[in-house]
Amino acid sequence: MTTVSSRTAAPTEPALTPVREFRDVIGTFATGVTVLTAGEPAHAHGMTANAISSVSLEPRLVLACVSRTSAMITRLGKAGTRFILNILAHDQHELADRFSGRASSRPAIELDPWMGGSRLVGGLAAIACDLDALHDGGDHRIVVGRVVAQRREPKPRRPLIFYRGAYERLLAQPDMPGRTAAVRCGASPPQEKWTRARAVDAARDTSSAPIS
Ligand SMILES: Cc1cc2nc3c(=O)[nH]c(=O)nc-3n(C[C@H](O)[C@H](O)[C@H](O)COP(=O)(O)OP(=O)(O)OC[C@H]3O[C@@H](n4cnc5c(N)ncnc54)[C@H](O)[C@@H]3O)c2cc1C
């Protein structure tokens, strides 16, 4: 017979998780990277976001968690506002930095008019949404978008990955066909500047991989 003790274990975690520690913990959840755009190319506003999720298939809904202090949330404030979720490819980390306001370089930005909004050229895919609902989410707002159109680039490419505060990319493992490994590729945070050079070297090693 199994005996269950009613004694509660002494708490080992602090009652309040410090923000830094929370960021470090949640940062272990690897994500893709998107740039949300609102408005047509001549007046577009873009913002890098990785707090993105698919919500529902019928109807097709997605969500983005957007800071209450961002310029983007002001742009998205009105019901029915069209916005586009641009899913970035591995070589677009400079754009991710640019649209998060932390760019040291000024990469060229190519925005195409699409579905009444702006599609970032060179990405993996784009999803056009109309604002469906805005919910409270602490210091962020949960933006729910109703999908009105979607497109995927015909040539498969690898995604940009954000993991533990740095950009990574997936590389083919030559000894394991069909498998990939993550390699850092961004220049952020600053102490990890070495990672980009390493990714370029690694990419050279796997240049024969079918997916670029
Ligand atoms: C990987 C990553 C993921 C992130 N995920 C999230 C998230 O999920 N939610 C969240 O709230 N924040 C997220 N952020 C932070 C967010 O991207 C920044 O706080 C951003 O600065 C907020 O944008 P803003 O709308 O306030 O506009 P700003 O800070 O004014 O704009 C962002 C930058 O984009 C440039 N820009 C905007 N539009 C254009 C244009 N048309 N042409 C050229 N440049 C333009 C601006 O010049 C500025 O440098 C993330 C940042 C990173 C790096």
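Two strands are said to pair if DSSP finds at least two bridges between them, and helices (H or I, at least four residues) and strands (E, at least two) are DSSP runs, numbered from the N terminus. This is a predicted model, in which local features need pLDDT of at least 70 and side-chain atom pairs count only at pLDDT 80 or more, while totals for chains, interfaces and linings use all residues. Residues are numbered from 1 along each chain as its sequence is written.

**Strands 4 and 5**
- Strand 4 (residues 52–56) and strand 5 run antiparallel and are joined by four bridges, one of which pairs Ser56 with Leu61 in strand 5.
- A hairpin of four residues connects strand 4 to strand 5.

**Around the ligand**
- The ligand is surrounded by 23 residues, the closest being Ala51, Ser67, Ser70, Met72 and Ser100, where a residue counts as near if its C-beta atom, placed from the backbone, lies within 6 Å.
- Elements giving two or more residues to this shell are strand 3 (45–49), strand 5 (61–67), helix 2 (71–75) and helix 3 (93–98), and the largest share, five residues, comes from strand 3.
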